[in-house]
Amino acid sequence: MRPWDYHPDLTRDRLILVAQLLALGRGHALDRFDPEIGDDSWTRGVCAFNYGRHQIKRAAGTSGFEWLSVPDPSRRLQFKVGEVILRFYRGAASDPAPHMLLPTELEQFMLPLEEGLPLDGARLRVAVETDAEGAPIQISFVAIRGSEVETIWPIPYEDAPPLVVSLSEDTPEGVDPGPPPVSLADDEEVDGQDQADAESEIGEEGGEKRREGK
Amino acid sequence: MPKTSTFSGDKLRLARLLATWSLDELGERVGASRQYLHQLETGAKEPTFEMAEALAVSLRVERSFFLTPLSNAVREDDCHFRKYFTAPRAVMAQAAARGTAVELLVNALEQRVRLPTVNFPEFAAPRSMEEVERAAEGARMHWGLGLDAPIVNITRVLENAGAVVVHFADISDRIDALSIARRRPIIVRSQAKAAAVRLRFDLAHECGHLVMHQGMVTGDHETEEQAHRFASAFLLPREAFLRECPRGRTIDWTGLFRLKLRWKVSVRAIARRAFDLGLMDAAQYRRANVHLTKTGQAKSERYDEEMLQETPELLTSAIRLLEAKKPHSLLDMIYALGFSPSLFEGVIGFPVSAFPANAYPDHSPAT
């Protein structure tokens with residue numbers, strides 16, 4: 001089965017964005033990893049998890065992520081894609097850690113969403129598999145039923161367009177010099193008002209003169 | 001048959017190149033041999049009155065066009081071409097002819113309209129990339145653009161500095177752009193590649209030639225690399241770029257596209273800038289290019305369509321002013337140039353409403 005077979009809220013594009021957020025957080029952790037100041041695989045793992053969690057929390061509810069929410073922002077992070085609860089972990093998609101197999105309280109209290117959907121009873125996870133240096137090599141959607149992995153769907157996030165978030169507003173904007181000025185060479189043949197009218201017309205042709213803008 | 005006097009072969013060649021025809025193609029239209037037309041162009045022969053008329057009609061000029069000599073024509077050596085090595089000579093000659101036509105027009109226009117004073121700084125013949133960086137920074141400071149903010153509209157920067165920028169839709173895509181270092185610089189840009197970010201980079205590249213390579217023959221690897229580096233440094237000054245460009249072991253595509261939207265420079269050029277300034281190593285730079293190619297962004301990138309094309313305004317404003325205030329002066333100027341209405345509109349790239357129906361009885365009015 002594929003994610004959207006479990007629930008239509010779990011679209012391909014949304015899962016790609018979730019995977020990109022997690023990869024972004026992990027990338028930040030790897031960028032800052034420095035054994036010279038005492039980093040090791042434990043601190044890398046802690047940072048990668050927390051930075052990924054931060055990206056999810058930060059993106060939730062913002063433009064383009066209206067479908068993403070975080071009902072449990074604690075260190076056990078639980079987030080929702082539409083109406084569906086998910087968690088993420090680092091490790092093999094086919095071999096989740098025991099605590100990932102168990103339903104959380106929130107999951108236990110979730111009522112069956114819609115009849116006819118196979119979500120009922122399944123726990124949904126996002127698995128981040130990494131190489132020896134901690135860089136993500138695959139991020140997958142994982143569905144667990146009972147104690148068994150029922151579905152693994154590799155999320156094609158690397159081939160997707162990259163995330164772009166809103167621009168920072170504390171950087172200076174450029175100066176627009178405005179349209180190049182032109183005037184009649186022989187001013188004597190055009191009186192001042194005509195000249196002003198003409199230049200006004202040219203200004204309108206050339207576009208409104210702006211001193212600042214993007 | 002009566003013969004015309006003082007027929008200018010150079011003007012015939014200019015008109016033929018403006019029409020983008022070969023000697024053979026023109027010969028087919030006027031019923032003359034390639035050899036004969038070549039002799040006309042070199043001045044070895046003069047045409048009959050009827051032949052001069054046929055040439056004028058075919059080439060969309062007035063008969064009088066051929067009767068004045070062409071002084072100071074733009075030669076290919078006067079031009080800084082992008083894609084110099086791959087562009088055929090014929091295409092380069094056509095592009096130079098466009099430059100000549102624009103210069104004829106601008107010279108005539110300047111007798112009637114005041115244009116911005118030419119104000120280009122000169123940082124001649126840099127000997128290192130560090131000097132190129134300084135030239136770009138110097139140009140930014142010279143024009144009051146600072147070193148910490150994007151250039152909102154590079155076409156306006158160049159036109160306010162007195163350059164004439166023109167776009168031609170029908171120049172071969174084997175030339176991206178060319179600049180002509182004359183008393184008033186002219187920059188001709190092909191519209192074959194329409195992405196706004198690429199157009200901006202090409203204009204910055206040509207600006208680099210005008211600032212650094214006055215009087216030099218360009219097109220070799222060194223001067224092209226210098227102009228390329230100038231364009232990078234002009235659009236992305238290193239002080240601000242070092243502050244804003246993301247860095248790290250992994251490529252931050254979000255950050256790179258954020259820079260693209262802010263600075264209006266392609267991600268490919270941003271990656272190159274990051275590599276040049278040591279923010280990306282060779283492996284990362286290669287990975288970035290592979291990713292762009294693999295994701296179908298080699299020629300057209302994500303967000304290209306969200307960036308508005310810059311359009312030249314100087315020539316348009318000058319002609320519109322003349323058209324509004326002194327339409328007879330505009331017609332006199334066009335007649336003196338010897339351009340037909342349709343050729344004139346082809347050179348300027350937009351229609352003019354000032355042509356009365358009987359202004360040019362020998363030719364069809366422009367549509």
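What pattern does chain A follow when read along the sequence? Chain A goes α-α-α-β-β-β-α-α-β-β-β-β-α, which comes to six helices and seven strands. Those elements are DSSP runs numbered from the N terminus, with at least four residues of H or I for a helix and at least two of E for a strand.

A word on the ground rules. This is a predicted model, where local features need pLDDT of at least 70, side-chain atom pairs count only at pLDDT 80 or more, and totals for chains, interfaces and linings use all residues. Residues are numbered from 1 along each chain as its sequence is written, chains are lettered from A and ligands numbered from 1 in the order in which they are written, and side-chain values use heavy atoms, with hydrogens and water left out.

Let's start with the sheet. Six strands of chain A make an open sheet in the order E1-E2-E3-E4-E5-E6, with mixed pairing; two strands pair if DSSP finds at least two bridges between them. At the edges sit E1 (68-72) and E6 (148-154) of chain A, each pairing on one side only. Ignoring direction, neighbouring strands are turned by 35° against each other on average. Such angles are taken between lines fitted to C-alpha atoms, for helices over the stretch in contact, and run from 0 to 180 degrees between N-to-C directions.

Now walk across from E1(A). Three bridges join E1(A) to E2(A) in antiparallel fashion, and A:Leu68 stands opposite A:Val81. These two strands form a hairpin with five residues between them. Across the 214 residues of chain A, 42% count as buried.

Further along, E4 (residues 122-130) and E5 (residues 136-145) of chain A pair antiparallel over nine bridges, with A:Arg123 facing A:Ile144 as its bridge partner. Helix H2 (residues 12-32) of chain A packs on the sheet and touches E1, E2, E3, E4, E5 and E6 of chain A, its direction making about 130° with that of E5(A). Helix H3 (residues 41-59) of chain A packs there too, touching E1, E2 and E3 of chain A. Contact here means heavy atoms within 4.5 Å.

Finally, the open space. The largest pocket has a volume of about 830 Å³. A pocket is an open set of points on a 1 Å grid over the protein atoms alone, with protein on both sides within 12 Å along at least five of seven lines, and lining residues have an atom within 4 Å of a point; a cavity is a set of points where a 1.4 Å probe fits but cannot get out. The volume is the space filled by probe spheres set on the points, which are joined across faces, edges and corners. Of the 28 residues lining the pocket, those closest to its centre are A:Tyr157, A:Glu158, B:Thr250, B:Ile251 and B:Trp253. H2(A) gives the largest share of the lining, six residues.

Definitions and conventions: Buried means under 20% relative accessible area, exposed over 50%, partly exposed in between (1.4 Å probe, protein chains only).
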